[in-house]
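The sequence and structure are shown first.

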Amino acid sequence: MAIGTWEDLQKLYEGAGGFAHCHWCGDGACETAIQEKTKVTIRNLPFGRDETPGTCVHCGKDSIGRVVFAQAY
Ligand SMILES: [Zn+2]
């Protein structure tokens, strides 16, 4: 599912979990912070990435497109 805000992302992973399509800035420090807060990992898709510009769901910096977030097992 497409997630647009940090609040929605946290709600998803406090509840049902699963996969989320989110804008992400590409910054490794931001990825680490997301992992620590939600226990999800970021999976870049080699194909089919949506390259619509947006803002990072976590820090609000520019994003070149959505990536897939998924819970670590
Ligand atoms: Zn970010």
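## Zinc site

Cysteine 25 is partly exposed, at a relative accessible area of 21%; buried means under 20%, exposed over 50%, and partly exposed in between (1.4 Å probe, protein chains only). Cysteine 30, by contrast, is buried, at 6%. The model is predicted: local features need pLDDT of at least 70 and side-chain atom pairs count only at pLDDT 80 or more, while totals for chains, interfaces and linings use all residues. Residues are numbered from 1 along each chain as its sequence is written, and side-chain values use heavy atoms, with hydrogens and water left out.

The zinc ion is coordinated by the SG atoms of Cys25, Cys30, Cys56 and Cys59, at 2.2 to 2.4 Å. Donors here are N, O and S atoms within 2.8 Å of the metal (3.2 Å for Na, K and Ca); water is not among the atoms, so sites may look incomplete. The arrangement is tetrahedral because the 4 donor atoms subtend angles of 106 to 115 degrees, and four donors count as tetrahedral if all angles lie between 85 and 135 degrees. Along the sequence, the donor residues follow the spacing C-x4-C-x25-C-x2-C.

## Cysteines and disulfides

The structure holds 0 disulfides, a disulfide being a pair of cysteine sulfur atoms within 2.5 Å. For cysteine 22, the closest cysteine sulfur is that of cysteine 56, and the 8.9 Å between them is too far for a bond. Cysteine 22 is buried, with a relative accessible area of 0%. Cysteine 56 is buried as well, at 4%.

## Histidine 23

Histidine 23 lies in strand E1 (residues 19-23); strands (E, at least two residues) and helices (H or I, at least four) are DSSP runs, numbered from the N terminus. The histidine 23 residue is buried, with a relative accessible area of 10%.

The side chains of histidine 23 and serine 63 are joined by a polar contact of 2.9 Å. Such a contact is a pair of N or O atoms within 3.5 Å; within protein, one must be able to donate a hydrogen and the other to accept it, and residues adjacent in sequence count only if both atoms are side-chain atoms. Beyond four places in sequence, histidine 23 touches several residues, including Thr52, Cys56, Ser63 and Arg66, where contact means heavy atoms within 4.5 Å.

## Isoleucine 3

Isoleucine 3 belongs to the segment before helix H1 (6-14) and is buried, with a relative accessible area of 5%. Although isoleucine 3 and alanine 20 are 17 residues apart in sequence, their C-alpha atoms are 6.2 Å apart.

Leaving aside neighbours within four places in sequence, isoleucine 3 is in contact with Asp8, Leu9, Leu12, Ala20, His21, Cys22, Val57 and Arg66.

Key. Four donors count as tetrahedral if all angles lie between 85 and 135 degrees; four count as square planar and six as octahedral if opposite donors are over 155 degrees apart and all others between 65 and 115; anything else is irregular.
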